[in-house]
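Welcome! Take a look at the sequence and the model first, and then read on.

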Amino acid sequence: SGETVTLILPGFGSPDDSAINALLLDLFVGMTPSRVSWSTSATSITLTAGNSVASGTAVVIIVSSANGLSLPPGGVERNDAGVTLQTNAALSPAEPSPVASIEPVG
C-alpha cells in the first residue's frame, strides 16, 4: 500500500539518517510497519504500513534509546504541541497535527 505515518519530533537527534531497528520499536494495537526510518533534517520517524489500520485506531509507539535517537536538551513536556503526526493514508490523509497524548520525558 505504501501508506505512511510520520511522527515529527522537534529537537530530537540522531547521528545520521538510518533505518530504525524494528526489533527495538514497540507498536501496540495492530500496526505492523514494513519499514521504519529516521530523517535527521526533518527530525521525524516515518512508518510505512505493512497492514491496514482502521481510522481512529489508537497506536502507541515506543522507540528504544538503543536506536540512537536522543531527546531534546530540555526533554519533552506532557502533551507537547510541537510533536505532531501526519499521514498520507488514502482514506484519510492528514496534515501535521498535535499528537493526542504524550508522556513527559527527561
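The side chains of Thr6 and Thr46 make a polar contact with each other, at 3.2 Å. Keep in mind that this is a predicted model.

**Around Thr6**
- You will find Thr6 in strand β1, which covers residues 4-8.
- Thr6 has a relative accessibility of 10%, and because buried means under 20%, Thr6 counts as buried.
- Beyond its neighbours within four places in sequence, Thr6 is in contact with Ser44, Ile45, Thr46, Thr84, Leu85 and Gln86.

**The largest pocket**
- The volume of the largest pocket is about 1,500 Å³.
- It is lined by 44 residues, and those closest to its centre are Val5, Leu7, Val59, Ile61 and Leu85.
- Two or more lining residues come from each of these elements: β1, β6 (60-63), β7 (84-87) and β8 (94-98).
- Strand β6 provides the largest share of the lining, with 4 residues.
- By type, the lining of this pocket has 27 nonpolar, 15 polar and 2 charged residues.

**The salt bridge**
- The count of salt bridges comes to 1.
- Glu103 and Arg78 form a salt bridge through their side chains, with 3.3 Å from N to O.
- Arg78 sits in the loop between β6 and β7 while Glu103 sits in the segment after β8, so this pair ties together parts that are 25 residues apart in sequence.

Technical notes
Residues numbered from 1 in each chain as written. Predicted model: local features only at pLDDT ≥ 70, side-chain atom pairs only at ≥ 80, totals over all residues. Heavy atoms only, no water. Buried < 20%, exposed > 50% of the residue type's maximum accessible area, 1.4 Å probe, protein only. Polar contact = N/O pair within 3.5 Å; in protein donor to acceptor, adjacent residues only side chain to side chain. Contact = heavy atoms within 4.5 Å. 1 Å grid on protein atoms, 1.4 Å probe; cavity = no way out; pocket = protein on both sides within 12 Å on 5 of 7 lines; lining within 4 Å. Points joined across faces, edges and corners; volume = space filled by probe spheres on them. Nonpolar A, V, L, I, M, F, W, Y, C, P; charged D, E, K, R; others polar. Salt bridge = Lys/Arg side-chain N within 4 Å of Asp/Glu carboxyl O.
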